Amino acid sequence: MKPPVPPHVPAPVTHYENFPVASLLCPPQLRAPIAAIYAFARTADDLADEGELSAAQRLADLQAYRTELQHVAAGQPPQPRWAAVFGPVQWAIQTHGLPLALLDDLLSAFIQDIEKTASAAGYADRAELLDYCRRSANPVGRLLLHLYGITDAQALQRSDAICTALQLINFWQDLSEDLPRGRFYLTEADCQRFGITRQDLQAAQVTPAMHQLLADSSAWAAALMHAGQDLVHQLPGRIGWELRLVVQGGWAILRKVQAQHGGNLHTRLQLKKGDWPGILWRALRMQ
């Protein structure tokens with residue numbers, strides 16, 4: 001009996017960052033489920049972040065999206081509004097046994113983002129921010145490892161460290177966009193350690209104390225990446241090379257952020273074509 005054919009997945013765009021897209025390095029048989037996960041996360045991200053809707057409207061849409069996930073996981077046909085997303089997701093759940101809790105964790109993180117932004121609330125300390133990363137970033141790595149049949153505890157721990165590091169790097173990369181929008185990912189405890197106030201963050205002045213705060217936050221992300229990057233040696237074949245590129249891409253962004261010496265309060269740097277030869281070289285040399 002032939003396996004079911006996956007439904008069509010809409011072509012992905014590039015703004016859901018920290019997500020390794022189903023590239024040519026991905027085995028062909030896994031491109032469809034990875035693309036389905038990507039489209040699911042990307043659409044939820046759009047509901048949380050795009051357009052001019054109020055926070056209440058965004059929350060209502062995400063709650064409806066969350067309910068739809070439960071419905072298709074229970075075997076009910078997708079509703080018309082998001083059928084292009086949930087048709088492939090339902091197929092991936094049925095065919096590959098995707099853990100529903102990991103998909104739901106992503107949605108809980110998006111909902112928390114809206115609530116935090118609406119109330120202009122920050123994160124009290126690193127433990128609270130790590131809990132957010134556990135739901136906003138770590139499920140991505142765990143879902144990919146699930147598709148590859150990798151379940152050992154050390155691999156999962158290292159995957160979590162890499163995904164959290166990538167999320168933190170994205171936070172520090174996006175300060176110039178997030179702070180004006182009332183998104184505060186530099187924790188209150190860290191700010192207090194360096195004598196930085198909420199007003200200082202919004203003023204975006206690169207004082208010595210601010211520079212120390214940003215450098216310390218970048219060092220935190222680097223430590224997590226170091227803790228997880230040996231995962232590339234646990235993963236066979238193509239997934240190992242895919243992860244090498246993801247890790248080195250994260251390092252390249254972090255180096256750019258660190259080289260700004262606080263300039264990331266004003267400018268968002270991205271990878272350019274000229275960065276990729278160095279990324280490829282470093283990926284090849286990972287031992």
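Modeller: Helix H12 comprises 23 residues and spans 33 Å from its first C-alpha to its last, close to the 33 Å expected at 1.5 Å a residue. The helix runs over residues 237-259, and after it comes His261, which has a positive phi, near 55°. All of this is read from a predicted model, in which the chain has an average pLDDT of 89 and 91% of the residues score at least 70.

Within H12, the residue to look at is Trp241. Its relative accessible area is 38%, so Trp241 is partly exposed, lying between the limits of 20% and 50%. Together with Trp281 and Leu284, Trp241 makes a nonpolar surface patch of about 360 Å². Another tryptophan, Trp276, is located in helix H13, which covers residues 276-284. Trp276 is partly exposed as well, with a relative accessible area of 37%. Between Trp276 and Asp105 there are 171 residues in sequence and 32 Å in space, taken from C-alpha to C-alpha.

From the nonpolar patch we can turn to the charged side chains. Side chains of opposite charge can pair when their charged atoms come close. The structure contains 16 salt bridges, and one of them joins the side chains of Arg126 and Asp216, with an N to O distance of 2.8 Å. This pair links distant parts of the chain, since Arg126 belongs to helix H5 (residues 126-136) and Asp216 to helix H11 (residues 208-228), 90 residues apart. Arg126 is partly exposed, at a relative accessible area of 22%, and Asp216 is likewise partly exposed, at 26%.

Arg193 and Asp190 form a salt bridge in which the closest N and O atoms are 3.0 Å apart. Asp190 is buried, its relative accessible area being 5%. Elsewhere, salt bridges with shared partners join Asp105, Asp131, Arg134 and Arg135 into one network.

A caution belongs with this account. Over residues 1-16 the pLDDT stays under 50, and the model has 36 contacts beyond four places in sequence for that stretch. Residues 18-22 also have a pLDDT that stays under 50, with 19 contacts beyond four places in sequence. Where pLDDT is low, the predicted coordinates should not be read in detail.

Technical notes:
Residues numbered from 1 in each chain as written. Predicted model: local features only at pLDDT ≥ 70, side-chain atom pairs only at ≥ 80, totals over all residues. Heavy atoms only, no water. pLDDT = per-residue confidence, 0-100. Contact = heavy atoms within 4.5 Å. Helix = DSSP H or I, 4+ residues; strand = E, 2+ residues; numbered from the N terminus. Buried < 20%, exposed > 50% of the residue type's maximum accessible area, 1.4 Å probe, protein only. Patch = residues over 30% accessible without salt bridge, like charges linked within 9 Å, V, L, I, M, F, W, Y side chains within 5 Å. Areas by Shrake-Rupley, 256 points an atom, 1.4 Å probe, with all protein chains shown as cover. Salt bridge = Lys/Arg side-chain N within 4 Å of Asp/Glu carboxyl O. Expected span 1.5 Å × (residues − 1).
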